[in-house]
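Good morning, and thank you for making time for this item.

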Amino acid sequence: MFARRRYNMLRALLDAVGMDPERVRLTFISASEGAQFAQTVKEFVEEIRALGPNPLKVREVREA
Amino acid sequence: MQLVPTICPYCGVGCGMYLVVDGGRAIGTEPWVRHPISEGKLCIKGWRAHEFINHPDRLKSPLVRRDGVLEPVSWDEALDFAAERLSAIAGEYGPDAVGFLASAKCTNEENYLLQKLARVFGSPHIDHCARL
Amino acid sequence: MKKYWKSRNEQEAALPGGGVIQAVARAILEAGAAEGVFGYSSDGDDVRPAFLTDAQSVTALTVPGRPAYGLARLVRDYLRGRRVAIFGLTCDIRAVVELAKRNSLDPDRVLTVGLNCDAMPQAHPRPNCLRCEYPRAFMADLEISVGDRACAAEVHSERGEAVLQAAGLAEAPPFALPGGWEETAAARAGEFTLRQADRKERLAYWFSQFDKCIKCYGCRNACPLCYCKDCYLDAGRGLVPGGQLAPARLFHLTRLAHVADSCLNCGQCEAACPMEIPLARLYHMLHKELSGIFGYRPGVDSAPPPLISFDESEKAKTESIFAPRR
């Protein structure tokens, strides 16, 4: 419950600042559904790759 | 509890700030919003400028190093020791072998006295962490 | 019910506002309703927060105009546990409400008297003041609009009623409030345009702002909602790498994530920033979106902050209740 509220807040935050909220995903998977977990993660990794490098990691070198 | 207006001792900007004083002790620092220089802003040193006043690491008595260990001594002993050693060094190597380091945590008056001492001593080497 | 008052004491009644603030403060101290009055006091030159414990000293109390100082946070930092009467602007009072929810202040030991901004001169408002939706401190025990020769006062609690009675004021003729609040409406509308720029522009703008940061922690120190004893942004916590200026942008994004659900738009963060990063603008912008989702008004609602609570009805939902904007 708390996680979902924070998840929604995080998506709003990313969008407000200008980052893509699609980089964050919340899904409900039971511990016994191993195969579905692996599949979801694989798909999500591909989607993120398509979005490009995380803007937080790209840092311009400041002029001295 | 009261907010006492004062000026930050650290760098040359001279930001205005309030020392929060309670029970005779400075317990915090707050920005001085209407100050024309700082306008209610402080750098990280300014925000913590009260800390050194009552800091546990602050010296409470003079210390002299004997056999590599710093030992507390009386003021008389410390002053005699300093006078004797400084004179000896000046005699052997000349007064400009000694450098004098002032401090932003001292008052302007204390720093002035140190400068006077350096000149009387004969050394031109005096400096201050904020290049006062 | 709003009524108009001035002090019965002739000298006091000559003060701005008819001496009402001074009379109320004096009554609080003389009745022992608080150990001290914490409000804005003037020494002729400077206006600064002061903790007045002596009934004679209340003549120094003044209406600050703007800017506010963040009195609630100062009470939490330096007067915790003491019985205090805060004479503050609406943002000061709203901060009291939020701090009480976080157990940083005991609401039973803090009496609140609000000084309404709608009666104040509009000169030099801070940018966040232009966005403010609370010109009146209706969440205080007693709210006061200061006029030239008299004040309008409204009571919102038993404590407030008791204090007003104890002040023994004389009734005064009604007066019209300056009306400057409407004049700034156009400027206020202009404060909400940033959201409409496209995502890339927004990102470039905010990152260029964050890159000005000198990591003075002023925003964190001044924010009434930053109440953690061990702050996540401090050195050695492992989140923000040390020894780096400008700090990693996570510094600002973390603070944003921690306070956005309850941001009061008090503007203390922006006021404390030496690099003039428009922090309140970002926090308040995100907060407005979140309060639309959660239906939460910080400083006004008595509900707990949304990120540490949930509603029973949410258990039935499984989709995100927020649809991302492009």
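Let me begin with a definition: a salt bridge here is a side-chain nitrogen of Lys or Arg within 4 Å of a carboxyl oxygen of Asp or Glu. By that rule Arg199(C) forms a salt bridge with Asp20(A), with the closest N and O atoms 3.5 Å apart. This pair crosses between chains, running from helix H9 of chain C, residues 199–210, where Arg199(C) sits, to the loop between H1 and H2 of chain A, which holds Asp20(A). Please bear in mind throughout that this is a predicted model.

Are the two partners buried or exposed? Arg199(C) is buried, at a relative accessible area of 14%, and Asp20(A) is buried with a relative accessible area of 14%. The pair also belongs to a network of salt bridges that links Asp15(A), Asp20(A), Arg199(C) and Arg202(C).

Over all chains, the structure holds 26 salt bridges. One of them, within chain A, joins Glu22(A) to Arg11(A), and there the closest N and O atoms are 2.8 Å apart. Glu22(A) lies in the loop between helix H1 (2–17) and helix H2 (34–51) of chain A, while Arg11(A) lies in helix H1, so the pair ties together parts that are 11 residues apart in sequence. Arg11(A) is buried, at 5% relative accessible area, whereas Glu22(A) is partly exposed, at 24%.

Within chain C, Lys288(C) forms a salt bridge with Glu133(C), and the closest N and O atoms are 2.6 Å apart. This pair links distant parts of the chain, 155 residues apart: Lys288(C) is in helix H13 (residues 279–294), and Glu133(C) is in the loop between helix H5 (127–130) and strand E6 (142–146). Both ends are partly exposed, Lys288(C) with a relative accessible area of 29% and Glu133(C) with 45%.

I turn to chain C as a whole. Chain C has 13 helices and 8 strands, and of its 326 residues 59% count as buried. Among contacts in chain C with a separation of 6 or more, 69% come from residues 24 or more positions apart.

Which chains touch? There are 2 pairs of chains that touch, and the most contacts are between chains A and C. Chain A and chain B do not touch, their nearest C-alpha atoms being 21 Å apart.

Next, the interface of chain B and chain C. The two chains bury about 1,900 Å² between them, 56% of it on carbon and sulfur atoms. Met1(B), Arg34(B) and Lys41(B) supply 36% of the area that chain B buries against chain C, more than any other three residues. The contact draws 21 residues from chain B and 28 residues from chain C.

Across this interface the rule finds 2 salt bridges. One of these pairs Arg82(C) with Asp22(B), the closest N and O atoms being 3.5 Å apart. There are also 8 residue pairs in polar contact between chain B and chain C. On the side of chain B that touches chain C, the largest share, 5 residues, comes from E3(B). By class, that side has 13 nonpolar, 3 polar and 5 charged residues.

Finally, a word on confidence. Chain A has a mean pLDDT of 79, and 89% of its residues reach 70 or more. Over residues 60–64 of chain A, however, the pLDDT is below 50, and this stretch has 4 contacts in the model beyond near neighbours in sequence. Where pLDDT is low, the predicted coordinates should not be read in detail.

Technical notes: Residues are numbered from 1 along each chain as its sequence is written. Chains are lettered from A and ligands numbered from 1 in the order in which they are written. This is a predicted model: local features need pLDDT of at least 70, side-chain atom pairs count only at pLDDT 80 or more; totals for chains, interfaces and linings use all residues. Side-chain values use heavy atoms; hydrogens and water are left out. Contact means heavy atoms within 4.5 Å. Buried area is the accessible area (1.4 Å probe) that two parts lose on being put together, summed over both. A polar contact is a pair of N or O atoms within 3.5 Å; within protein, one must be able to donate a hydrogen and the other to accept it, and residues adjacent in sequence count only if both atoms are side-chain atoms. Helices (H or I, at least four residues) and strands (E, at least two) are DSSP runs, numbered from the N terminus. Ala, Val, Leu, Ile, Met, Phe, Trp, Tyr, Cys and Pro count as nonpolar, Asp, Glu, Lys and Arg as charged, and the others, Gly among them, as polar. pLDDT is the predictor's confidence in each residue, from 0 to 100. Buried means under 20% relative accessible area, exposed over 50%, partly exposed in between (1.4 Å probe, protein chains only).
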